Every structure is written in C-alpha cells, then in structure tokens.
Amino acid sequence: MLLKLNDISNILKKNGIKHGDNIFLHVDALVTAFLDGKSLEKKTNTLINGIIDSIGPNGTLVLPTFTYSSTKNQPYDPATTPSEVGIVTEHFRKFKNVLRSFNPIFSVASIGKLSKNFQKSSTSDCFGEGTCFDLMYKNNFWIITLGCSFDRITFIHYVDQFNNVSYRYFKNFNSLIFQGSKQIKSNIDYFVRDLDRESSVNLNKLKLRLDKYGFLKRDNIGRASFSAVKSVDFFNVANEMISENENIHIKEGNDGI
C-alpha cells in the first residue's frame with residue numbers, strides 16, 4: 001500500500017519529531033517507490049509536504065543541493081545550477097517558497113522559519129563557523145537519512161574540521177557566484193580529504209554508539225530505511241570518539257568494517 005501524506009507525518013511523530021522541529025534530510029529517490037502519487041514529482045510532493053506538515057511553520061526543512069561548482073572551476077547560480085545529490089533534492093529546490101544558499105560547493109535548499117538564515121550562510125567556508133552545518137549544530141537539527149546510507153551524513157565534516165583531523169586539509173578555491181544580476185568573485189575554503197590515505201567516510205562505529213546511547217531513531221518508510229539523530233548528539237558522540245581514535249570515522253580506522 002502506497003504511503004500518503006499523513007502516513008509520513010505519523011512516522012515522524014512516532015519517532016519524536018514534532019511541530020517546530022528542524023530537519024536536515026538526506027534522501028535517496030528509491031523511497032518514492034513507496035509513496036502515493038502518479039508521477040515522480042507527485043510522489044516527491046507527498047514526502048516533502050508530509051514532512052512540512054509534521055514540523056509546521058515554526059520548523060525548518062533543509063535538503064542538500066550540493067554542486068561542487070568551485071572545485072570544477074564553474075560559476076554557481078542558485079537559481080539555475082542543478083543539484084548534484086539526487087532528483088528529490090533537485091525537485092525540492094524548485095518548490096514554492098524554498099530558498100537556496102549561495103555556497104558554491106555545499107549549497108542547501110530550505111523552507112521554514114530559519115530558511116533566510118540558511119540562504120545567507122557562509123560562502124567563504126564549507127564546514128566551519130557560519131556555514132549551514134554550523135546552523136544545524138546551533139539549532140540542534142534532526143539529521144534524517146531516508147533510503148540512503150548513514151555515511152551520507154555530511155555533517156561529519158563539521159566535526160572533522162572542528163577537530164582539524166589529520167586526514168583532511170584546507171584547500172582554497174576561486175568562486176564566481178551569481179546573486180540575481182550581480183556576479184561576485186570570491187574564495188572558499190574546503191576541508192578536503194587526503195586521497196593518499198583511506199579517508200573515505202565510514203560511520204559504522206558511530207552509528208553503533210549512537211544506538212547504544214539511545215540517540216538514534218530507526219524506522220522504515222515503505223521498505224526504505226529511516227534513521228534520525230539530533231545534530232548536537234551526533235556532534236558530541238562523534239567528537240568523543242575522535243578523542244579516542246582520530247581515524248574512527250574513516251575507512252582507515254574501521255578495520256575493514
């Protein structure tokens with residue numbers, strides 16, 4: 001049976017997500033197979049509107065619309081540059097009243113109470129103070145993965161940069177950003193991973209500890225997996241684990257797990 005808008009709202013409510021809450025959503029398009037609607041667009045609408053109904057006007061919904069434009073020496077226009085992280089995110093950025101940020105690498109699209117804050121977030125850094133990830137932390141967002149791996153959670157790099165981990169380093173990129181009719185040239189710092197090390201993300205041990213502490217919510221939407229964790233809990237536990245073993249959140253520190 002295909003899930004309707006109110007089914008989405010009920011699943012979120014069952015997992016402790018309520019009116020006024022804030023959500024950062026990582027989603028794979030496979031979830032749309034389990035949603036009501038006669039087209040991909042209408043199925044996506046079921047998901048997004050179900051979430052918006054759950055958090056209400058005082059909540060905020062944010063989805064990644066990353067483009068990596070500056071890393072490819074390409075201009076970035078928030079109005080036209082497509083999201084490179086899935087068709088659901090690309091559809092969401094075109095929603096009525098959705099605002100997109102001006103970050104030329106890690107842009108996000110948002111709707112709700114804090115959307116203007118996200119739109120105005122940093123264009124000179126990717127993971128540090130004033131970025132969308134900093135806003136997530138300071139407003140204790142729910143981080144939700146839906147139909148995708150827990151490793152998809154980009155917020156981990158906010159923790160990495162906070163700790164100045166040795167398997168990443170700062171690299172500066174030139175950027176050209178369109179803001180309406182204006183063209184703005186600037187530079188942006190990106191805490192990139194060291195490709196000479198096994199530095200790809202592996203959050204298996206973090207997921208286990210969050211579960212052990214009771215911070216991780218798990219469910220399903222159709223047959224698509226659902227997980228939810230508060231950003232402050234994620235940050236604190238991830239930070240705690242780095243203090244024990246700096247490489248714990250990458251392949252190099254996971255012993256093949």
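Trainee: What volume does the largest pocket have, and what makes it a pocket?

Mentor: The largest pocket has a volume of about 400 Å³, taken as the space filled by probe spheres set on grid points joined across faces, edges and corners. On a 1 Å grid over the protein atoms alone, a pocket is an open set of points where a 1.4 Å probe fits, with protein on both sides within 12 Å along at least five of seven lines, whereas in a cavity the probe cannot get out. This is a predicted model, in which local features need pLDDT of at least 70 and side-chain atom pairs count only at pLDDT 80 or more, while totals for chains, interfaces and linings use all residues. Residues are numbered from 1 along each chain as its sequence is written, and side-chain values use heavy atoms, with hydrogens and water left out.

Trainee: Which residues line the largest pocket closest to its centre?

Mentor: Of its 26 lining residues, Y68, F106, H157, R168 and Y190 are the closest to the centre; to count as lining, a residue needs an atom within 4 Å of a point. β6 supplies the largest share, four residues. Strands such as this one are DSSP runs of E with at least two residues, helices are runs of H or I with at least four, and both are numbered from the N terminus.

Trainee: How do you know that β6 and β7 are paired?

Mentor: Pairing asks for at least two bridges found by DSSP. β6 and β7 have twelve, in the antiparallel sense, so they meet the definition. Within this pair, R168 stands opposite R193 in β7. The hairpin has two residues between the strands, and G180 there takes a positive phi near 70°.

Trainee: What makes β3 and β8 edge strands?

Mentor: The open sheet has seven strands in the order β3-β4-β2-β1-β5-β9-β8, with mixed pairing. β3 (99–100) and β8 (217–221) each have a single partner strand, so one side of each is left without a neighbour in the sheet. Elsewhere in the sheet, β1 and β2 run parallel, joined by three bridges.

Trainee: Why is T60 called buried?

Mentor: Buried means under 20% relative accessible area, exposed means over 50%, and partly exposed lies in between (1.4 Å probe, protein chains only). T60 has 0% relative accessibility, so it counts as buried. Leaving aside neighbours within four places in sequence, T60 is in contact with residues including D21, I55, S110 and F141, where contact means heavy atoms within 4.5 Å.

Trainee: Why are R223 and N73 called exposed?

Mentor: R223 has a relative accessible area of 71% and N73 one of 69%, so both pass the cut-off for exposed. R223 is found in the loop between β8 and β9, while N73 lies in the loop between β2 and α3. N73 also has a phi near 60°, a positive value in a residue other than glycine.
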